[in-house]
Amino acid sequence: MGGMSQSFTDKLAARIKETGSALCVGLDPRPGMDDLEAIPALLRKVVEETAPYAAAFKPNIAYFEAMGLRGLEILEDLLPDMPKDVPVVLDAKRGDIGETQKYYAHAYFERLGVDAVTLSPFMGYDTLEPFLNYEGKGVYLLAVTSNPGSADVERQELAGGRRVFELVGDMVLRSVREGCKTSVGMVVGLTNADSSILERIPDAPLLIPGLGAQGGDLSCLSGSGHVAPPLINVSRGIMYQNPELGFAEKAAGFAQRIREALNY
Ligand SMILES: O=c1ccn([C@@H]2O[C@H](COP(=O)(O)O)[C@@H](O)[C@H]2O)c(=O)[nH]1
């Protein structure tokens, strides 16, 4: 590409086109349910079997931190062996003063080498800036999360009729206006993604958790008019639900349902 590296959004769009799948496979190993030393092999099996249907993988760092130093070692060992053509989104939901965010950005983009991370934008745009100058990388800002409590702050109406999550959309647009190298998208939970929400969200890459165990309904996504590449995440639905089915079979089933709902 003329010496310029590909943006995270372009990489993701290419992967979705190649696989015909917008499924994001969540990697959330549960130390209480699995023997700690069985987790590395479990993760490798999930990755290997679901990769043909995966537009991206999403490990949530909470599950690795819950295993202590061994958990972080498991994550650090796994990441270099992940398929190179499948982007990895680390779900970390970090938000702190800029000085501290510099170290999170270094940890995730440079040390762990993931392609994208989730961030909490609620401390303001300056806290995102340390992440915004990374060519080929992406961030997803929490906007309308999938939990019921997204009504407490994120979906609250402001004086003038706009809603709090629209301020997060403004940050996405600001990053584009300022020519940031990092691709900036938003997290929108499937359980809360009705048309009154989607019509107020800019056309940015969306990370959409809530399919499977949380019961989100894919039909709310049809006809949203968004063209930026979406990722629909399933974690427990692939790793832990319906254990009589293989990981590949479950991933193929979700990929198919997503394809039909998004009509591509
Ligand atoms: O709004 C949000 C933001 C992040 N998540 C994360 O996605 C997965 C969902 O797991 P399931 O097992 O498919 O429910 C998990 O890592 C959450 O922390 C979310 O659910 N909602």
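Ala, Val, Leu, Ile, Met, Phe, Trp, Tyr, Cys and Pro are counted here as nonpolar, Asp, Glu, Lys and Arg as charged, and the others, Gly among them, as polar. In the predicted model examined here, the shell around the ligand divides on this basis into 4 nonpolar, 6 polar and 5 charged residues. In total, 15 residues surround the ligand, and the closest of them are Asp28, Ser146, Gln214, Ser235 and Arg236.

For serine 146, a polar side-chain atom is found 2.6 Å from a ligand nitrogen. The ligand taken alone exposes 460 Å², of which the protein buries 89%. The space that the ligand takes is the largest pocket. Strand 3 (89–94) and strand 8 (231–234) are the elements that give two or more residues to the shell around the ligand.

A further site considered was proline 130, which is located in the loop between strand 4 (116–119) and strand 5 (138–144). When residues up to four places away in sequence are not counted, proline 130 touches Gly98, Gln101, Lys102 and Ala105. Between proline 130 and glycine 68 the separation is 62 residues in sequence, and their C-alpha atoms are 27 Å apart in space.

Key
Residues numbered from 1 in each chain as written. Predicted model: local features only at pLDDT ≥ 70, side-chain atom pairs only at ≥ 80, totals over all residues. Heavy atoms only, no water. Near = heavy atom within 4 Å. Polar contact = N/O pair within 3.5 Å; in protein donor to acceptor, adjacent residues only side chain to side chain. Areas by Shrake-Rupley, 256 points an atom, 1.4 Å probe, with all protein chains shown as cover. 1 Å grid on protein atoms, 1.4 Å probe; cavity = no way out; pocket = protein on both sides within 12 Å on 5 of 7 lines; lining within 4 Å. Sits in = over half its atoms within 2 Å of the grid points. Helix = DSSP H or I, 4+ residues; strand = E, 2+ residues; numbered from the N terminus. Contact = heavy atoms within 4.5 Å.
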